[in-house]
Amino acid sequence: MPYSIFGNKFTQHSGINELMDDLNEGVKGGDDILMLGGGNPAAIPQIQTRLTQLMQALLNEGKLIDTLANYDGPQGKNSFIEALVDLFNDIYDWQLTSENIMLTNGSQNAFFYLFNLLGGNFSDDKKKKILFPLAPEYIGYADASVSEDAFVAVRPKITELENGFFKYNIDFDALKVDQNIGAICVSRPTNPTGNVLTDQEIAHLDRLARENNIPLIIDNAYGTPFPNMIFAEATPFWNENTILCLSLSKLGLPGARCGIVIANPDIIKAMSNLSGIMALSPGGIGPEIALPLVKTKEIIKLSDEVIKPFYQGKSEKAIALLQAKISTPNFKIHKSEGALFLWLWFKELPISSNELYKLLKKKGLLIVSGHYFFPGLDQEWQHTQECIRLNYAQDDLVVERGITILADTINELYA
Ligand code: PLP
C-alpha cells in the first residue's frame, strides 16, 4: 500500500519504536528478559499503595465514572489545571493563571505539538529547526517532526572527573543561534545521561533564546517539584519565554499518559487548538487520580521523601556494581545527577554500541544503544558509537544480573 510522504516518514524504522517494542517485549517476557532498556519507572511500593488508595477513593465517591463519562476541553481538566496553578504559584511564585497551563496525552505528545508549531516550513519559504544545544539528547525527540531534517544538535564539552566519571557541558563557543532556529530544547535532568544542566547554563540559554525571539523548551520529565529525581543542586526555571514540560509518568503513572505544559498564553492557546484537532481532549484519568496530591502538596512530599531517595539509592548501588565488575580503565560513567539512567562510555569500544546491544540482547539483556541519542548531530563522531544507556530502576536482582552479563561481555571485548 503506498503511503503519503507523511505516512512514509512515520512508518519507517525509528529508535523510539524499537525502544518501545523492546520495552513491551521485556514486560511480556517476564523473567527471561532483563529489562534495563526502556524508560519505565520503578514500581515503588509506597507510591503504588498511595495511588491505589486514591483510585479506590475515586471509585467509591463516583468520581471515576464522572471522569470517564465526560470529555474535558482541549486544554485538559480544569480542576487539575487550577490546582497546578496554585501549587506552582505557592512554591515558586511564578504568578501563573489557568491560561499558562495545558495538559497533553503524555509529554511525548506535547513535544510533537511543539516541534511542529515552532520548527519546520514557514510561509516565507524559510525553514526553522529545533536546536538541541547539548547532544546526547532524548531519543523520543528524534522523529517527532513532520519535516525532514528538523533538528540540529551541538557536541558537548567533555570533562573527565575523578573515579571513572565524566560530565558533559554545553559548548557555548560552538552554539550558533540565528534566524534558522525556531526553538531551543533541553531535557533537565537529561535522558539518557542523567546530566543536570547548571543554573548558569540555563541562564545562558534563556538569554540566547530571548535575544533571538524564540522559546526555550525545558523538558522537566524527571525534575522538580515532581517527580524530583534530581540529585544535584538545580534551581527550577520558568519565565514567559520558557516552555516547561512536566509529566505524571515518572511519578509512577506512565499508563495514564498525562503531560503538563507551562508556557505563555499564546503558546497554550496554539497547543490547545492542536490538541482539539488531534485528540479532542487529553485523557482525564491521570489528572483525576493526582488531583488530591497536588491540592494538598502531598505530591512534593512523596517526591522528596520517597521517589528521590529511592532512585538515588538505586543509582549508587548500580554504579558500585558496575565499577566492581568492569575491569577496563576505558570504562567511564556520566556523573549521575538525576533521572533513572546511567550513561556508560566505553572508550575505543572494539565493536559499535549497536552491535553491543545486539550481543547483549542475545544473552537476554536489554539496554539501549547510545547512537540513537544524537538527533540532529550530522557530523561523524566516534563517541556516538561508544556509549550505552542503562535503566537502573528495576528490581535489584534484575539490575545485578543485567550488570553481570554486561560486565562479562565488556571484559571479554577488551581482553
Ligand atoms: N521527556 C523525557 C526526557 C523522557 O525521558 C520521556 C519518557 O521517557 C518523555 C519526555 C515522555 O514521557 P511521557 O510522554 O510519558 O510524559
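## The shell around the ligand

Helix α6, which spans residues 107-118, supplies three residues to the shell around the ligand, and that is the most of any contributor. Please keep in mind as you read that this is a predicted model. The shell has 14 residues in total, and the ones that come nearest to the ligand are Asn191, Asp219, Tyr222, Ser247 and Ser249.

What is the make-up of the shell by class? Seven of its residues are polar, four are nonpolar and three are charged. As for the site itself, the ligand sits in the largest pocket.

With glutamine 108 the backbone takes part: one of its backbone N or O atoms lies 2.9 Å from an oxygen atom of the ligand.

How much of the ligand's accessible area does the protein cover? On its own, the ligand has 400 Å² of accessible area, and the protein covers 93% of that.

## Two cis peptide bonds

The peptide bond that runs from arginine 188 to proline 189 is cis, and its omega is near -5°. Proline 189 belongs to the loop that links β8 (181-187) with α7 (199-211).

The other cis peptide bond joins threonine 224 and proline 225, with omega at about -5°. Proline 225 is placed in the loop between β9 and β10.

Where does aspartate 93 sit? Its place is the loop between α5 and β2, the latter covering residues 101-104. Aspartate 93 has a positive phi of about 55°, although it is not a glycine. Its relative accessible area is 52%, so aspartate 93 counts as exposed, the cut-off being over 50%.

Asparagine 213 is another non-glycine residue with a positive phi, here about 60°. This residue lies in the loop between α7 and β9. Is asparagine 213 buried or exposed? With a relative accessible area of 71%, asparagine 213 is exposed.

Because its relative accessible area is 18%, which is under the 20% limit, asparagine 241 counts as buried. Which backbone atom does its side chain reach? The side chain of asparagine 241 reaches the backbone oxygen of isoleucine 214, at 2.9 Å.

Proline 74 is in the loop between α4 (63-68) and α5 (78-92). A relative accessible area of 36% falls between the 20% and 50% limits, so proline 74 is partly exposed.

Note on methods. Residues are numbered from 1 along each chain as its sequence is written. This is a predicted model: local features need pLDDT of at least 70, side-chain atom pairs count only at pLDDT 80 or more; totals for chains, interfaces and linings use all residues. Side-chain values use heavy atoms; hydrogens and water are left out. A residue is near a molecule or strand if one of its heavy atoms lies within 4 Å of it. A polar contact is a pair of N or O atoms within 3.5 Å; within protein, one must be able to donate a hydrogen and the other to accept it, and residues adjacent in sequence count only if both atoms are side-chain atoms. Accessible areas come from the Shrake-Rupley method with a 1.4 Å probe; for residues, only the protein chains shown count as cover. On a 1 Å grid over the protein atoms alone, a cavity is a set of points where a 1.4 Å probe fits but cannot get out, and a pocket is an open set with protein on both sides within 12 Å along at least five of seven lines; lining residues have an atom within 4 Å of a point. A molecule sits in a cavity or pocket if more than half of its atoms lie within 2 Å of its grid points. Helices (H or I, at least four residues) and strands (E, at least two) are DSSP runs, numbered from the N terminus. Ala, Val, Leu, Ile, Met, Phe, Trp, Tyr, Cys and Pro count as nonpolar, Asp, Glu, Lys and Arg as charged, and the others, Gly among them, as polar. Buried means under 20% relative accessible area, exposed over 50%, partly exposed in between (1.4 Å probe, protein chains only).
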